[in-house]
Structures are given as C-alpha cells and as structure tokens.
Amino acid sequence: MTTFGVIRFPGSCDEVDALQAARHFGEAKLLWHKDRDLGGVDAVVVPGGFSYGDYLRVGAIARFSPVMESVAEFARSGGLVLGICNGFQVLCEAGLLPGALLPNLERRFICRQLGIEVVSDATAWTAACSPGDVLSIPVKHTSGRYYVPDDQLADVNVVFRYAHDGNPNGSTNDIAGVANAEGNVVGLMPHPEHAVDPLTGSTDGLKLFESAVRERVPA
Amino acid sequence: MSASPPSPAAALPSVEEAVALGLTAAEYALVVDKLGRAPNQVELAMFSLLWSEHCSYKHSRKLLRTLPTEGPRVVMGPGENAGAVDVGDGLAVAFKVESHNHPSAVEPFQGAATGVGGILRDIFAIGARPIAVLDSLRFGEPSSPRSRFLLDGAVSGIGHYGNSIGVPTVGGEVYFEAPYEQNCLVNAMALGLAESSRMIRSAAAGVGNVLVLFGASTGRDGIGGASVLASAEFGEADEDKRPTVQVGDPFEEKKLLECSLELLERGLLVSLQDLGAAGLTSSASEMASKGEVGVEIDVSKVPLREADMEPFEVMVSESQERMLCVVEPARVGEVLALCHKWDVHGTAIGTVTDTGHVVVRDGDRVVGDMPVAALVDDCPLYDLAPAKPPQPLYAAPVRTLEPGASPRETLLALLSSPNVASRLPLFQQYDWLVQSRTVRRPAQADAAVLRLPNGRAVATSIDGNGRRVACDPYNGTVANVLECASNLACVGAEPLGTTNNLNFGNPEKPHIAWQLTEAVRGLGDACRALDAPIVGGNVSLYNEAADGPIYPTPVVGMVGEVPDPERAGRLGFSETDPTRPDVVGFAGPFRPHLPGSELAKLRGEPLPDGLPAADVAAVRAAQEAIRDAVRAGELSSAHDVAEGGFLVAVAECCLAGDVGAVLDVGASDDTDRLLFGEAPGGFVVSGPEDAVRRLAERVELDVFGRVGGDALEVTVGGERIDVPLAELREAHRALAPLFP
C-alpha cells in the first residue's frame with residue numbers, strides 16, 4: 001500500500017484536504033515542517049496555504065524548512081512529489097521545478113472551478129490520465145501566474161494547461177502545472193485535493209492520486 | 001474596596017479627562033463612588049473601556065433581555081464568546097456575528113480583515129474549529145468613489161484574512177444605499193464545529209492558577225478603539241482616529257488557532273478567552289467576573305512590540321491575535337512548550353486570586369486595583385426614550401428608472417441594480433471550498449450547506465435588508481428573520497438557532513431609540529414564532545454622521561439542520577429531459593407590495609411610513625412545506641422571493657441553472673405589483689409536475705409554466721416579455737466592473 005506524506009507548515013491550509021484525498025488510494029500522514037524524517041513515505045504532497053505567512057515572497061521561506069531539505073533529497077533520488085498551489089510555489093522556490101509563480105494579472109485572489117487540460121501523461125502524477133483530458137478542478141490563489149523566461153520555455157515539461165480560454169491568472173502559454181524532466185515531481189496551481197467528491201464539486205482530482213499509486217504498482 | 005489609591009506618583013486624571021475618554025460626568029462620579037476614591041490613569045482607562053457602549057451594552061442590554069434564548073438544541077447561549085447548537089452525535093456548531101463597522105469606515109482593508117479575525121477567535125475560544133465565514137456588508141451607492149473604495153477594501157480584507165487562514169467564506173450579502181455612505185457596515189459571522197463535551201467556557205477558576213497570555217506581542221494599535229471609535233458618532237476629525245484601527249496578521253492567527261485547539265484537545269486549560277475590544281482589560285475582567293474570582297496581572301511580563309509602553313496602554317491595547325487562558329500551575333510548562341511548538345509567544349502574566357479585585361502591577365508596583373464587580377457589573381444601564389419621528393428620517397432615493405418603463409426594461413433594470421446583481425464578483429475573491437465541507441457554494445443555493453463528520457449537514461444564511469427596517473422597524477425586522485429562515489427552507493434546513501447584529505445610529509436620540517426598540521421587538525417575536533432562539537449577537541450603535549443615521553440594520557444569521565446533504569436544495573432550474581420539462585410553481589402566502597421595494601427605490605419613491613404585517617404563522621407553514629419537499633428530494637429547485645420580487649426570482653433561477661423558462665402569469669390589474677412587488681413568504685419552485693402538485697396540497701401554489709429554452713418568456717395579461725438568457729446575464733453581472 002502506498003503511503004502519502006503531507007507536509008504541514010505553519011500557515012498550511014489544505015493539508016487535511018490533501019490527506020483525505022490521498023486516503024482514497026493509500027495511507028496518508030502529516031509530516032511536520034520541523035522534522036527532517038519523512039517517515040518512510042512513498043510519495044510527498046506539499047499542500048496549499050500560506051506557509052510561514054508567505055512573508056517575503058510566496059513559498060520563499062518554506063523552502064528553507066528542515067522538512068524541505070529531506071524532500072529535495074527525496075525528489076532528486078526519484079521520489080514522488082506533488083506540489084499544489086503554495087506547494088507548487090515552494091517547489092519552484094526550492095529549484096525542484098523550473099519557473100516561478102507571479103501575482104495574478106488582475107492582482108486579486110480568484111476562486112473558481114475550471115477546466116484543466118492534461119498535456120502530458122508521462123509523469124508520476126498523471127499516469128492515470130490521457131493527454132487531452134479536461135479535468136474539472138478548482139483554483140484559488142493570488143499568485144498563480146506561471147512564468148519562465150522565453151528562452152527556457154521550450155525546456156519546460158508542461159503537464160496541465162487551463163482549458164477553454166479559462167486562464168485565470170495570465171500564466172505563460174496557459175500553463176497550470178509542470179513537471180521536472182524525470183516526471184516524478186509535479187506542481188500545479190489547481191487543487192486536485194478539492195475535486196475528490198461529487199458532493200462538494202467534482203471527482204476529477206482523484207486521477208492525480210490514483211496515478212501516484214499506479215506508478216508504484218505497475219499493472 | 002481599596003480606599004488608598006495605588007502608588008502612582010502622577011496627578012490623578014480629572015473629570016474632563018474622563019469625559020474625553022467617553023465617560024459621562026455622572027459615570028465618572030459613580031466610578032469614584034465605587035472605588036471610594038478617584039481613579040488613577042490605569043483605572044480610568046480600564047473603566048472608560050468597560051463602561052463604553054461597545055463593552056457594556058448600556059443602551060441595549062435591557063432590550064436584549066427580552067429576546068428568546070432557550071431551545072431544546074441550544075448548548076451554549078448568550079454570554080459566552082459564541083453560542084452553540086446541538087447537531088447530533090455529540091457534535092455542536094458554534095456561531096456568532098460581530099460588527100467591525102467603525103474601523104472599516106476608517107480603514108476598510110484592515111477593518112474588515114480584523115473583523116474576520118475577531119469573530120474567528122470568538123469561535124475557537126470556546127473550543128470549536130472555525131468551519132465557515134459569512135459576511136454582511138453595507139455601503140453607499142457604488143456611484144460614489146468613497147463607496148467603491150470602501151467596498152474594494154472590505155472585500156479584499158475579508159478575503160485576505162479568511163483565505164489565508166484556511167476557513168471558507170461560504171455566503172453573505174451586500175447592499176448599497178445612500179445612508180451608508182459615511183458609515184459602512186462590515187458584519188462578519190463565523191461557524192465552528194466542536195465535540196460538545198470538549199467545549200470550554202471563559203470563567204476563570206481556581207485560586208492560584210496561572211494566567212497565560214499567548215499569541216502576538218502587544219503594541220499601541222487599537223488603543224481606545226472600543227470607546228473612541230465604536231461608541232460615539234464620527235465627527236469631522238476622523239483622520240485622527242486612524243491610529244486606533246488595528247492591524248491583522250492571519251498567519252499569526254492561524255498558528256494561534258491551531259495552538260489553542262491543540263491545548264484544548266490535550267486538556268491543558270481551565271478556561272480560555274480571546275482578546276478583542278478593550279484587550280487585556282476586558283478579557284481578564286470578564287473571566288474574573290464569570291468565575292467570581294479576582295485576578296492579578298503584571299504588565300511588565302507582557303511581551304511588547306514597543307518598549308516604552310505605559311501600563312495603561314498595555315492594559316487597553318487592542319493588538320490582534322492574542323488569547324488569554326487559565327492554567328493549573330503544574331501544567332504551565334506543558335502549555336508553554338506547546339506554544340513553542342506552534343511558534344507562538346506564551347507568557348505567564350498573572351494569577352487567579354480570591355480578592356474579587358482586578359489588580360494591575362508593573363513589577364513590584366501596584367498601578368491599579370479595582371473591584372471586578374465595579375468594572376463589569378456596575379456600569380449604569382440606561383432606559384431608552386423611544387419616540388416615533390414625526391417626519392421621515394431618510395431622503396427619498398435618487399431616481400434611476402423612469403416612470404412608465406416597460407416590464408422588460410424594469411426586469412433588466414432590477415437585475416442590474418447594485419442590490420440585486422450577481423454577487424459572484426465578490427464571492428470569487430473568497431476561498432469557499434477549503435476544508436472540503438461546502439456542499440452548496442455561493443450562488444448555487446439560497447443558503448450555504450456544509451457537511452458534518454456525522455453524515456448530516458448544516459445550512460447557514462445571513463440577511464438584513466435595512467431599507468425595509470427604515471420603512472417599518474417592527475415589520476421590517478420580522479421580514480428579515482423570515483427571509484433568513486426561508487433561505488434555509490430552500491435547501492431543506494430547519495432553523496436551530498439565530499445570531500444577530502443590531503446596527504443602528506445614536507440610541508440617545510429618541511427616533512433611533514424607537515427604531516431599536518421596535519426592531520428588537522420584531523426580532524424577538526419572529527424568532528419565537530419560528531422556534532429559532534437567539535444564541536448570541538452583537539450591537540453596533542452610533543452609526544451616524546453629520547448627514548444622518550444609517551438605515552436601521554438588524555442583521556440576522558441562522559444555522560439550520562439538513563439531514564441528508566445529498567438532497568440539499570439548489571436555486572437554479574435544471575433541464576434533465578427536454579421531453580418532460582420541469583414545471584415552475586409559485587408557492588407561499590405571498591402578498592406583494594411595492595412601497596419600500598427595490599423597484600420603488602429605482603423609481604426614487606420616498607420610503608413609506610410602515611409596511612404590511614406578515615402572517616408569520618402562514619409563512620412558517622410554507623417554509624415547512626418547502627423544506628419537507630426539498631428533504632424528500634421531490635423538487636429540482638427552490639428559491640425565496642426577495643428584492644425585485646417574483647420575476648427577478650425567476651430570472652435568478654434561470655441564470656443559476658443556465659436554462660430558460662416559459663411562463664404565463666395570467667391577467668392582473670397591477671402588473672408591476674404582481675411581477676416586482678416584495679413580501680415575505682414567496683417561493684419559486686420547479687420539479688416534475690406530480691411533485692409540484694403534491695406540494696400544492698400543503699401550501700398555496702400556482703403552476704405558471706415550464707423550464708426550457710434559452711430565454712425567459714413571460715406572458716402577463718396578454719403581453720409577452722421575452723428576454724434571452726445572455727441579456728439577463730449581462731444585466732446581472734453589473735457589479736463585475738467594480739473589481740477591475
């Protein structure tokens with residue numbers, strides 16, 4: 001059985017939701033930001049929220065936390081890591097993913113259910129999807145405008161785009177999520193952990209967690 | 001009584017200084033009498049705050065005693081930080097609404113943000129995890145730059161705080177009316193979830209126990225906020241009041257929240273209280289009063305943001321994100337260790353005593369010594385002198401719709417009017433989904449629905465049209481309560497309890513006293529009639545400026561029970577099988593009238609003197625019938641008729657469901673009243689024809705047409721109104737340009 005570890009920073013908001021989402025497919029436990037020990041988990045989720053208050057710059061302080069040192073090591077040795085929203089920002093700050101997340105073009109917090117197109121199924125977190133799938137998943141953020149310099153854009157492993165002209169933040173090429181070259185580390189602004197139950201929205205977010213399990217147990 | 005004044009070398013403050021701090025000369029004399037001597041600076045500062053309107057409710061307490069507060073599901077009533085109702089399986093939902101009007105009128109972003117912060121602390125102070133925020137906002141007309149500035153600031157501030165702390169903002173309301181131009185209203189309501197057995201009260205207990213202050217350090221922000229800002233009218237020199245607005249830090253509050261809940265979960269606390277208005281003064285005195293004990297506090301132990309603060313400043317600072325708890329001496333180490341885990345400052349600052357006094361020390365020096373009873377209980381309560389004003393208090397609204405407008409033009413004008421237009425441009429700036437409980441989000445249903453761990457759900461709504469109350473304080477308030485309960489009925493919820501925020505002008509004026517007295521009478525009567533007891537609330541008075549008072553605005557928040565969240569109602573029509581379209585019915589004892597309505601406002605008509613009385617029992621019966629039908633899963637949609645009347649409600653159902661409707665409402669000798677008149681007790685429902693006919697067996701109901709198409713087509717008295725959905729939608733998004 002896959003065990004997911006979900007990091008809890010001071011200021012995390014969506015860690016319990018991520019925990020519940022992961023439990024659809026495996027075991028899941030919280031990892032405390034001050035602990036270097038990842039407790040032998042098989043996959044790590046860096047959740048949404050406002051880690052350390054997002055002082056200085058979104059995700060800028062969290063990358064220096066003790067737990068993130070271990071997550072970086074885990075990622076570089078091929079461990080599965082998913083960064084959601086603030087988690088995506090943290091992974092970019094930590095250099096585990098390329099690019100940066102800038103304030104939304106409209107400079108406002110935006111909370112909206114959107115269509116998210118799967119661009120690549122060649123990552124650990126999208127193996128259960130097919131390219132072209134449009135997932136109904138909400139976004140909620142103030143700083144979600146993905147940016148990389150033009151000369152690096154071609155090298156970015158794009159995983160998700162905002163579909164149907166629904167780009168809520170002005171991100172480059174409608175990018176909603178990216179992976180590292182190996183595909184074991186994925187970050188995205190939309191919140192798959194908030195799309196796991198028809199009662200509260202949609203269930204399309206389950207695909208990401210299902211993918212992580214499939215990755216570990218090849219059919 | 002301590003006849004010898006505590007040590008201060010400085011001269012004692014004069015009666016003039018007491019008056020400058022907000023006390024009357026007579027109140028000052030009473031303080032001298034209670035102390036047996038003149039108060040020193042620390043004591044005077046503390047008395048002036050605790051005897052302020054904001055803390056003592058001295059003009060409203062007698063009225064509030066008339067409200068119904070008991071019911072079979074009430075587990076915590078007024079007097080604690082928040083009220084709470086039983087939701088089954090040992091769970092309770094705590095809830096309360098509070099105002100932050102005066103700070104928001106000075107600095108809207110921080111005023112609104114700290115309003116949310118304050119109400120959240122009230123919720124977790126009783127051991128409940130905050131699960132939802134709603135807000136109730138009032139501004140002048142959006143044509144005014146000041147109103148747009150206040151709106152933008154308040155919405156950003158609410159979002160900033162709620163979004164950052166991981167509590168969803170699931171509902172709310174906003175109205176734009178000229179009388180709020182100078183005095184905007186920002187009321188925030190929060191709900192929390194707790195195991196009933198784990199809830200904690202605020203009474204200090206156990207002589208020798210330790211007072212631990214934890215959270216943010218203490219600075220000069222908000223000094224005198226309760227007495228200076230919230231308990232007097234605004235004058236010319238508002239700029240000077242800016243320093244008395246507090247600044248919020250949601251990150252600090254998030255840590256404080258998690259730390260407080262973990263302290264409670266581990267059973268480490270005897271009691272807990274948040275620091276709100278009047279800071280340490282109010283929390284320590286009220287904890288002592290409720291526990292019938294004394295407390296001794298050493299201000300030199302309070303962690304400060306600024307080194308040179310005077311003892312009185314430490315005692316009255318309204319710095320945000322602080323809590324005070326009582327701990328047994330043996331557990332202090334564990335409490336401080338847990339604070340350290342959450343990177344929260346925790347400091348032992350005093351003890352519980354048996355003296356019945358609040359003693360303030362600055363190291364070895366006693367700088368204040370007052371009987372708890374004098375501070376908390378002995379503030380004089382005033383009788384109001386209500387008198388109905390002989391002339392209208394409010395100018396007629398500015399006309400924006402010409403007489404003779406066709407029904408089609410009227411419909412579009414109403415849909416685009418600021419009080420009716422879609423609230424999505426506001427709501428999408430709030431996180432409404434964190435915590436994974438939100439079964440019905442804003443604009444999906446008349447009330448928000450939140451599922452609970454026991455498989456059931458609660459619904460919640462907040463309502464308070466002030467113009468109605470300005471027309472008729474009694475019947476207008478009854479209508480607000482009925483509307484809140486109707487919103488709950490439309491999602492299938494039965495009211496469990498009510499909270500309220502009474503926003504009024506200066507109660508020392510007879511006409512405001514009359515508004516307040518009549519509104520409280522209406523509130524009490526309606527809540528009694530609905531068996532929806534009042535478990536807590538707040539009063540905000542002196543909301544008036546040189547150009548007059550605000551519309552009297554009693555804001556009503558309710559929490560209701562939904563047994564099966566899968567069947568929670570929606571407001572939008574739906575088209576599942578075009579060959580067997582849903583029928584549209586209009587249900588309820590609805591007796592519409594135009595005076596005081598949104599249409600009357602657009603036409604610039606003066607407010608009427610009085611509104612027709614509602615048949616409360618008949619409205620309740622209709623609510624029960626609708627609720628039962630929704631709970632049985634019989635209806636596709638249910639929507640309460642509110643501002644704009646019947647046709648606006650139908651248009652809202654079309655827009656929410658993205659499908660048109662074809663209606664024939666027959667002939668009428670007063671088309672405007674039929675289509676756009678307002679009153680409590682009207683519901684637009686849709687569903688399979690047999691289900692809607694079954695509902696007609698329990699409540700007055702007419703079937704007017706069917707769902708379908710991509711336009712709203714209405715035939716009235718032979719005349720046909722035909723508006724494509726796209727045109728309705730364009731009119732309805734009128735608020736979007738306010739948030740560029």
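Trainee: In this predicted model, what distance does helix H18 of chain B reach from its first C-alpha to its last?

Mentor: Helix H18 of chain B covers residues 473-491, which is 19 residues. At 1.5 Å a residue, 27 Å is expected. The reach in the model is close to that value, at 28 Å.

Trainee: How many residues of H18(B) are buried?

Mentor: The criterion for buried is under 20% relative accessible area. H18(B) is mostly covered, and its buried residues number 19 of 19.

Trainee: Which residue just after H18(B) takes a positive phi?

Mentor: H18(B) runs over residues 473-491. Just after the helix, a phi of about 90 degrees is found at Gly492(B).

Trainee: How many disulfides are there over all chains?

Mentor: A disulfide needs two cysteine sulfur atoms within 2.5 Å. The sulfur of Cys490(B) has its closest cysteine sulfur in Cys653(B), 8.8 Å away, so the pair is too far apart for a bond. For Cys654(B) the closest cysteine sulfur is also in Cys653(B), at 6.9 Å, which is again too far for a bond. Over all chains the count of disulfides is zero.

Trainee: Is Cys654(B) buried or exposed?

Mentor: The relative accessible area of Cys654(B) is 0%. Because the limit for this class is under 20%, Cys654(B) counts as buried.

Trainee: What accessible area do Tyr55(A), Leu56(A) and Ile61(A) have together?

Mentor: Tyr55(A) lies in the loop between strand E3 (43-46) and helix H2 (66-76) of chain A. Tyr55(A) is partly exposed, at a relative accessible area of 38%, and a patch residue needs over 30%. With Leu56(A) and Ile61(A), Tyr55(A) forms a nonpolar surface patch whose accessible area is about 320 Å².

Technical notes:
Residues numbered from 1 in each chain as written. Chains lettered and ligands numbered in written order. Predicted model: local features only at pLDDT ≥ 70, side-chain atom pairs only at ≥ 80, totals over all residues. Heavy atoms only, no water. Patch = residues over 30% accessible without salt bridge, like charges linked within 9 Å, V, L, I, M, F, W, Y side chains within 5 Å. Areas by Shrake-Rupley, 256 points an atom, 1.4 Å probe, with all protein chains shown as cover. Salt bridge = Lys/Arg side-chain N within 4 Å of Asp/Glu carboxyl O. Helix = DSSP H or I, 4+ residues; strand = E, 2+ residues; numbered from the N terminus. Buried < 20%, exposed > 50% of the residue type's maximum accessible area, 1.4 Å probe, protein only. Expected span 1.5 Å × (residues − 1).
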